[in-house]
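Subject: Structure handover

Hello,

Here is the structure to go with your reading. Please keep it open while you go through the notes below.

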Amino acid sequence: MPLLTDRPGEVADFVADRAHAPDGYENYQAVGVVDQDGTIVAGMVFESWNRHSVNIHLAIDDPSKVALGFYKYCFRYAFETMGCHRINAMCVDGYERNERLLEGMCFKREGVLREGWRLPDGQVVDAAIYGCLRSECRLIPKELRHEEA
């Protein structure tokens with residue numbers, strides 16, 4: 001599936017609609033995947049970049065349409081282009097599909113924000129916190145895993 005890098009606003013809207021972000025995102029960059037009809041089927045938003053880390057928001061409608069290349073591109077973008085040392089992600093605690101996906105993408109569970117999220121229906125839930133360090137990321141080439149001083 002082709003990567004979508006030139007329409008960050010559309011990708012951000014796609015992700016916000018699925019990731020409990022009714023107000024959208026500010027100061028972001030976004031990358032998506034489109035199917036053969038040009039419909040967005042996955043997206044990753046990079047937000048709150050501070051030259052050391054960035055928060056990601058991920059939404060995928062159909063995981064079978066998302067190739068490993070999408071994840072590799074996104075991680076390389078964060079670590080190489082943005083120069084980050086780490087990537088941060090959160091998901092609803094106990095939502096196994098998202099937790100497995102994050103762990104499969106090299107993230108490590110770092111803790112829980114108790115009552116850290118309010119869902120669109122008003123329900124307050126715990127949020128699991130995940131982090132991926134540049135030095136531990138298997139999705140980028142080995143030579144990029146170590147930062148220069």
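Is Pro8 buried, partly exposed or exposed? Pro8 is partly exposed, with a relative accessible area of 26%; buried means under 20% relative accessible area, exposed over 50%, and partly exposed in between (1.4 Å probe, protein chains only).

Some ground rules come next. This is a predicted model, in which local features need pLDDT of at least 70 and side-chain atom pairs count only at pLDDT 80 or more, while totals for chains, interfaces and linings use all residues. Residues are numbered from 1 along each chain as its sequence is written, and side-chain values use heavy atoms, with hydrogens and water left out.

Helix H1

Pro8 lies in helix H1; helices (H or I, at least four residues) and strands (E, at least two) are DSSP runs, numbered from the N terminus. Leaving aside neighbours within four places in sequence, Pro8 is in contact (heavy atoms within 4.5 Å) with Tyr28, Gln29 and Ala30. From Pro8 to Ile56 the separation is 48 residues in sequence and 14 Å in space, C-alpha to C-alpha. The buried residues in H1 are Val11, Ala12, Phe14, Val15 and Ala16. The buried residues of H1 pack against S1, S2, S3 and S4. After H1 comes His20, with a positive phi near 55 degrees.

The sheet

Seven strands make an open sheet with mixed pairing, in the order S1-S2-S3-S4-S5-S7-S6; two strands pair if DSSP finds at least two bridges between them. Strand S1 (3–4) and strand S6 (108–118) are at the edges and have a single partner strand each, so one side of each has no neighbour in the sheet. S6 and S7 run antiparallel and are joined by seven bridges. Val112 stands opposite Ala128 in S7.

The cores

In soluble globular proteins, nonpolar side chains tend to be buried together. A nonpolar core here is a set of buried Ala, Val, Leu, Ile, Met, Phe, Trp, Tyr and Cys residues joined through side-chain atoms within 4.5 Å. The largest one has 33 residues, and Phe46, Phe70, Phe75, Ile87 and Phe107 have the most contacts inside it. At least two residues of this core come from each of S2 (28–34), S3 (40–47), S4 (53–60), helix H2 (68–81), S5 (86–92) and S7 (124–133). H2 gives the largest share, seven residues. Not counting residues up to four places away in sequence, Phe75 touches Ile87, Met105, Phe107, Cys132, Cys137, Leu139 and Ile140. There is also a second, separate core of 14 residues, including Leu4, Phe14, Ala19 and Ala59.

Glu47 lies in strand S3. A polar atom of the Glu47 side chain is 3.2 Å from the backbone nitrogen of Glu26.

Most residues other than glycine have a negative phi. Asn27, which is not a glycine, has a positive phi of about 50 degrees. Asn27 sits in the loop between H1 and S2 and is exposed, with a relative accessible area of 71%. Ser48 also has a positive phi, near 60 degrees. Ser48 is in the loop between S3 and S4 and is partly exposed, at 41% relative accessible area.

Regards

How values were computed
Polar contact = N/O pair within 3.5 Å; in protein donor to acceptor, adjacent residues only side chain to side chain.
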